[in-house]
Amino acid sequence: MVQLRLLGPVEIETDEGLPLALGAGRIRTVAAVLISEVNQAVTVQRLIDLAWDGEPPARARGVVHNHVHRLRQLLDGHAELVTRGQGYVLIADPAAVDSHRFRSLVSAARDADPRAAVAMLRRALGLWRGEALADVPGDRVRRTLGVGLAQARVAALQELGAKLLLLGRYGELVTELTAWTAEHPLHEELAALLMRALQANGRQAEALDHYHRTRRHLKEQLGIDPGPALGAAYLEVLGRGPAVPPPAAVRPPAGPPPAGPYAEGPRPAAPPRVAQLPPAVVDFCGRARELAVLEQHLDRVPRPHCLVLAGGGGTGKTSLAVQWAHRLTAEFPDGQLFVDLRGFERPPMRAGTALSAFLRALGVPEAAIPDSVPERAALYRSLLAGRRMLVVLDNAGTAEQTRPLLPATPGCLAVVTSRRRLSGLVVRDGAVLVGVGPLTPGDALRLLANALGPQRIEADKPAARELVRWCDGLPLALRIAAARLMAHPEWPLGWWTRKLADERRRLQELSAHDADLAVEASLYLTYRALSSGAARLFRVLGLHPGPRVGELDAAALAGRDVARTRRHLAELCDAHLLEEQPQGHYVRPELVRLYAAQRAVAEETRSDRDLAVRRLLDQVARLRPARG
């Protein structure tokens with residue numbers, strides 16, 4: 001009987017065990033499609049679409065006919081390839097196709113006793129010779145034919161692991177799982193199974209080591225934390241959680257195995273409940289206005305599906321979003337998704353990566369996650385349909401990065417935080433914008449009192465107010481200052497406040513000596529994301545001595561026309577480095593002004609700085625009579 005193989009490179013082997021010379025190129029695509037749908041008609045148009053990824057040349061139909069003619073010659077005497085209607089049918093025994101035998105063995109193992117099931121599953125997995133359709137050109141055909149096969153393979157691996165664990169064959173299971181997890185390092189269910197096997201084999205330290213290694217892989221490659229399955233295995237190994245039975249593999253529906261891969265085999269179970277919110281800040285205070293605005297929008301009919309919390313770096317957008325999200329857990333009983341999109345880091349997280357992480361959290365096996373972003377977004381929204389879930393998209397860089405992650409079902413809500421206003425989401429997607437600025441002086445003092453104790457604040461309240469002023473009311477700056485003072489309880493509040501009064505030292509002092517916990521580092525991330533023209537305008541504005549700048553003065557400093565300067569001023573406002581005032585004026589926080597002056601010295605030559613200042617003085621002199 002001829003052998004037809006898809007579980008690896010596409011192969012056709014004769015009754016005598018001799019491989020047929022298929023050659024390279026799209027003839028392998030045509031062969032793969034016909035083999036996968038053995039005994040079923042495949043239209044010429046379908047072969048064309050799959051062979052050329054939906055973009056066929058004018059001569060595609062003739063090329064397909066030539067490939068079919070060549071296959072007929074190769075198969076002569078071994079199998080029939082006949083014309084039927086508008087397509088072709090490969091007539092052969094389904095048992096000759098390795099993917100069919102694989103599914104049949106897995107299906108039979110489902111109802112067998114554990115020992116027989118192990119033997120069947122080993123035979124099924126032994127049919128694989130690498131990635132399915134490994135040498136077939138074209139992305140579409142591999143996605144269409146291969147995704148279901150890859151998903152079924154991982155499900156069979158899980159099933160075999162569960163059976164071995166049930167039989168107590170721990171050493172054997174550890175050996176095999178080590179190889180499997182090396183091939184699938186991001187598959188959390190396989191990692192959890194290996195941890196349980198190591199624990200059962202008396203190798204707790206190795207189980208914990210594997211957990212931490214997998215956690216690092218997930219963080220570095222996907223930017224996510226371990227999901228429920230891996231977290232439960234970790235607690236079980238530590239002895240802090242209930243004993244959890246081995247995870248059952250995802251199984252196909254009852255009935256005979258499908259004849260081809262288009263009935264995609266194993267289907268995902270109902271999405272699990274997820275709770276990914278980070279812990280809320282314990283001493284959170286203030287933000288009464290912002291919280292009231294958020295609650296008002298939540299009570300609107302119809303309710304908006306997306307809220308954007310926009311504010312400058314260090315204003316506490318994430319803390320506010322997480323605090324509010326924790327209050328809403330009862331409102332969204334199906335769970336909460338959270339991701340840090342790292343929108344202002346290099347590189348930012350791609351929307352496809354975030355979607356992959358969400359799909360995994362929602363119970364989709366890694367092998368079943370589609371390749372393209374639109375397909376991932378469609379699957380993600382399908383899983384959220386009919387559910388009430390809260391999705392927190394933290395630190396978004398652009399509307400394009402965020403848009404594929406927005407749920408479409410009315411019962412869900414997305415909360416986005418960003419240093420930009422993300423006007424595209426407001427205009428195109430109907431999002432609601434909520435500004436997050438500095439804390440009020442009273443709230444800022446309460447934050448300091450929570451950290452340092454009310455007695456220390458009351459002992460020198462004028463110095464505490466000065467500290468709030470030098471920190472521009474920014475929660476990040478205030479917490480850094482509080483951390484420095486907590487480390488030195490003997491420091492008088494006024495002494496350290498006087499250090500901050502020195503403009504040359506202020507940004508340096510407001511650093512926790514940690515790359516991501518410094519006001520200067522936070523401002524740098526925003527500055528680095530500006531266009532070159534806006535970045536240069538930001539620098540030369542650092543040469544202006546006051547907090548308030550007119551657009552004509554800005555144009556003079558930049559040496560550009562007013563129209564172009566307005567565009568760059570708008571970009572700086574969008575990034576919360578300036579705030580627009582009536583009549584063409586702009587204000588900026590003191591810390592932003594100091595950082596702009598620092599960048600001017602670091603990146604502009606002395607001659608360019610002097611020239612910019614002379615242009616400003618000339619502009620002031622020309623306007624003095626009018627201003628007078």
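Which residues does H297 touch, not counting residues up to four places away in sequence? With such sequence neighbours left out, H297 touches R303, P304, L307, V432 and V434. Please keep in mind that this is a predicted model.

**H297 and its helix**
- H297 is found in helix α11, which covers residues 288-298.
- With a relative accessible area of 16%, H297 counts as buried, because the cut-off for buried is under 20%.
- The buried residues of α11 are E290, L291, L294, H297 and L298.
- Looking down the axis of α11, you will find these buried residues within an arc of 125°, so they line one face of the helix.
- A residue three or four places further along an α-helix points the same way, because there are 3.6 residues a turn.
- On the other side of α11, A288 and Q296 are exposed.
- The cover over the buried residues of α11 includes the strands β7 (306-310), β10 (413-418) and β11 (432-435), along with helix α12 (317-327).

**Where α1 meets α3**
- Helix α1 (residues 26-36) and helix α3 (residues 60-75) have axes that come within 10 Å and cross at roughly 70°.
- That angle makes α1 roughly perpendicular to α3.
- The crossing of these two helices, α1 and α3, is right-handed.
- From α1, the contact is made by R26, I27, V30, A31 and L34, and α3 brings H67, V68, R70 and L71.
- Sorted by class, the contact of α1 with α3 has six nonpolar, one polar and two charged residues.

Key
Residues are numbered from 1 along each chain as its sequence is written. This is a predicted model: local features need pLDDT of at least 70, side-chain atom pairs count only at pLDDT 80 or more; totals for chains, interfaces and linings use all residues. Side-chain values use heavy atoms; hydrogens and water are left out. Axes are lines fitted to C-alpha atoms, for helices over the stretch in contact, and angles run from 0 to 180 degrees between N-to-C directions. Helices (H or I, at least four residues) and strands (E, at least two) are DSSP runs, numbered from the N terminus. Angles under 35 degrees count as roughly parallel, over 145 as roughly antiparallel, 65 to 115 as roughly perpendicular and the rest as oblique. A crossing is left-handed if the near helix is turned anticlockwise from the far one by less than a right angle, and right-handed if clockwise. Contact means heavy atoms within 4.5 Å. Ala, Val, Leu, Ile, Met, Phe, Trp, Tyr, Cys and Pro count as nonpolar, Asp, Glu, Lys and Arg as charged, and the others, Gly among them, as polar. Buried means under 20% relative accessible area, exposed over 50%, partly exposed in between (1.4 Å probe, protein chains only). The arc is that of the directions from the helix axis to the C-beta atoms.
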